[in-house]
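Please look over the sequence and the 3D view below before reading on. The report then goes through selected strands and residues.

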Amino acid sequence: GRVLVDFYADWCRPCMQMNTVLEDFKEVPLIKVNVDQNRELAQQYGVRGIPCFVAVNDGVEVRRAVGMQTLQQLKDLTK
């Protein structure tokens, strides 16, 4: 199935600002990954900047977006 992975960190202000947008995001399941606690996973996905949103379908990356996103941009990402 399709999921949206949100790579974030507690010290990242844009990441925290995204939380209000993410509350309204209901398109697909959202998986939040703290990059400080999951460095290997972040490296595996080649995450350089955060917030980093990766749309995954059956374990395969489909699209990604780095930086703050609007709700519509997140919906487009997971279409």
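## The model

This is a predicted model, in which local features need pLDDT of at least 70, side-chain atom pairs count only at pLDDT 80 or more, and totals for chains, interfaces and linings use all residues. Residues are numbered from 1 along each chain as its sequence is written, and side-chain values use heavy atoms, with hydrogens and water left out.

Helices (H or I, at least four residues) and strands (E, at least two) are DSSP runs, numbered from the N terminus. Two strands pair if DSSP finds at least two bridges between them.

## Strands E1 and E2

Strands E1 and E2 (residues 30–34) run parallel and are joined by 5 bridges. Val5 stands opposite Ile31 of E2. With helix H1 (residues 13–23), E1 and E2 make a right-handed β-α-β unit. Right-handed here means that, with the strands pointing away from the viewer, the path from the first strand over the helix to the second runs clockwise.

Asp6 belongs to strand E1. Asp6 counts as buried because its relative accessibility is 1%; the classes are buried under 20% relative accessible area, exposed over 50% and partly exposed in between, using a 1.4 Å probe and protein chains only. Among the residues that Asp6 touches, leaving aside those up to four places away in sequence, are Leu22, Lys32 and Phe53. Contact means heavy atoms within 4.5 Å.

## Lys32 and its partners

The side chains of Asp6 and Lys32 are joined by a polar contact of 2.8 Å. A polar contact is a pair of N or O atoms within 3.5 Å; within protein, one must be able to donate a hydrogen and the other to accept it, and residues adjacent in sequence count only if both atoms are side-chain atoms.

The charged end of Lys32 also sits over the ring of Tyr8, 4.6 Å from the ring centre. This label requires NZ of Lys or CZ of Arg within 6 Å of the ring centre and within 35 degrees of the ring normal.

## The aromatic pair

The structure holds 1 aromatic pair. Its members, Phe7 and Tyr45, are tilted, at 5.6 Å centre to centre with 50 degrees between the planes. Phe7 lies in strand E1 (residues 2–8) and Tyr45 in the loop between helix H2 (39–44) and strand E3 (52–57), so the pair ties together parts that are 38 residues apart in sequence. Rings of Phe, Tyr and Trp (its six-membered ring) pair if their centres lie within 6.5 Å; planes under 30 degrees apart count as stacked, over 60 as edge-to-face and the rest as tilted.

Phe7 is buried, with a relative accessible area of 0%.

The loop between H2 and E3 contains Pro51. The peptide bond from Ile50 to Pro51 is cis, with omega near 0 degrees.

E3 and E4 pair in the antiparallel sense over 6 bridges, and Cys52 stands opposite Val66 in E4. The two strands form a hairpin with 2 residues between them. Asp58, in the loop between E3 and E4, has a positive phi of about 50 degrees although it is not a glycine. Asp58 is exposed, with a relative accessible area of 60%.

## Arg63

Arg63 lies in strand E4 (residues 60–66) and counts as partly exposed because its relative accessibility is 36%. The side chain of Arg63 reaches the backbone oxygen of Leu77 at 2.9 Å. The C-alpha atoms of Arg63 and Thr78 are separated by 7.7 Å, while the two residues are 15 residues apart along the chain.
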